[in-house]
Amino acid sequence: MTNKELQFNKLSSEVVSSVEQGSFPHGVLVECQNENDGVEFARFIANCLVCRSNNKPCGECEDCHKAKKNGHPDIFETDGVIKSKSKIFAVDSVREIRDDAFVLPNESDSKVYILKNAQNMNDQAQNAILKILEEPPSYVFFIIVTTSRSTMLETVLSRVQTYSLLSDEEQITDKECDAVKNFVKALLNVNELALVEQTAVFIKNNQFAKRVLGLLSEVFRDALVFKSGYSREVRFSEEVNALYNKLTAKSLMQLVEVCDELMDSIDRNCNNNLLVVRMCYEFKRAIGR
Ligand SMILES: [Zn+2]
């Protein structure tokens, strides 16, 4: 069995026991690198929630049969896209879901909403979902599928339980997430003091610094990909979009190179203070300041 399968099984049994005990939370977040894995797991949860047998999911009751065929009338899946051209999870879709949630279930005792590609929700859409997460009808469950918890607002995160399908390598800790966000902000504002401060934050610990630089490199690369006219699922979508809007492809390419170079320097155990100075210099040069 692969590590991924093992993790899937472990999380599945957590879900089953929590559903069977009747303590399953009304809001959960499924974090996954691959959309299909996340949706598959969300469907498994939904199946457990609608199954009315004691042994969930029994796979034999009518609810299970319908859920298996993705045709259960109380399981809803949406990526919130309204116009086919945009991949944004529209706030209007969230409002529609909110209204629908107050209608009693058709057949089952529960009603489950699977919100796919939630990394494409802007703050407005997230705030709309937050309203119902705060006081959901007793029979309603939301499963929010996203590429990274870093794409969700703190207020939303505080209302949901996270099931992460990401490996330890792929998971981003809150500290790493903050370091990346704050750094990009300082860089785009060309706030020299903030830039030094933010760099000093993550340089203290070599392992941490390399993780953050790796993530920054990923963010710069993603913005570069956007520049070439492609769009794809990204972590840190807000930061990637801001960089895409404000910097040239040339700057972005230089920023990627600077990150790679700095990761090498860390491996060579350079003096940290000198490294902070050099980092800020290189980053500023890359954006033409
Ligand atoms: Zn069943």
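Because the model is predicted, local features need pLDDT of at least 70 and side-chain atom pairs count only at pLDDT 80 or more, while totals for chains, interfaces and linings use all residues. Residues are numbered from 1 along each chain as its sequence is written, and side-chain values use heavy atoms, with hydrogens and water left out.

The zinc ion is held by the SG atoms of C51, C58, C61 and C64, at 2.2 to 2.3 Å. Donors here are N, O and S atoms within 2.8 Å of the metal (3.2 Å for Na, K and Ca); water is not among the atoms, so sites may look incomplete. The angles among the four donor atoms run from 105 to 117 degrees, and the site is tetrahedral, a term that requires all angles of four donors to lie between 85 and 135 degrees. Along the sequence, the donor residues follow the spacing C-x6-C-x2-C-x2-C. C51 and C61 both lie in the loop between α2 (35–50) and α3 (62–68), so the pair ties together parts that are 10 residues apart in sequence. Helices are DSSP runs (H or I, at least four residues), numbered from the N terminus. Both C51 and C61 are buried, where buried means under 20% relative accessible area, exposed over 50% and partly exposed in between (1.4 Å probe, protein chains only).

R52 pairs with D63, with the closest N and O atoms 2.9 Å apart. R52 belongs to the loop between α2 and α3 and D63 to helix α3, so this pair ties together parts that are 11 residues apart in sequence. D63 is buried, at a relative accessible area of 5%, whereas R52 is partly exposed, at 45%. Helix α3 also contains K68, which is exposed with a relative accessible area of 63%.

At the level of the whole chain, the domain assignment gives domain 1 (3–164) and domain 2 (174–286); such bounds come from an automatic or database domain assignment. The domain centres, taken over C-alpha atoms, are separated by 33 Å. In the interface, 10 residues of domain 1 are in contact with 11 residues of domain 2, contact meaning heavy atoms within 4.5 Å. The two domains bury about 710 Å² between them, 39% of it on carbon and sulfur atoms. K87, Q119 and S150 supply 52% of the area that domain 1 buries against domain 2, more than any other three residues. Buried area is the accessible area (1.4 Å probe) that two parts lose on being put together, summed over both. One salt bridge is counted between domain 1 and domain 2.

The whole structure holds 16 salt bridges. R43, E77 and K116 are linked in a network of them. Another joins the side chains of E218 and R235 at 2.8 Å, N to O. This pair links distant parts of the chain, with E218 in helix α9 (residues 206–227) and R235 in the loop between α9 and α10 (237–246), 17 residues apart. In helix α12 (residues 272–286), E282 and R285 meet at 3.3 Å, N to O. They are three residues apart and therefore separated by about one helical turn.

Notes. Tetrahedral: all angles 85-135°; square planar, octahedral: opposite > 155°, others 65-115°. Helix = DSSP H or I, 4+ residues; strand = E, 2+ residues; numbered from the N terminus. Salt bridge = Lys/Arg side-chain N within 4 Å of Asp/Glu carboxyl O.
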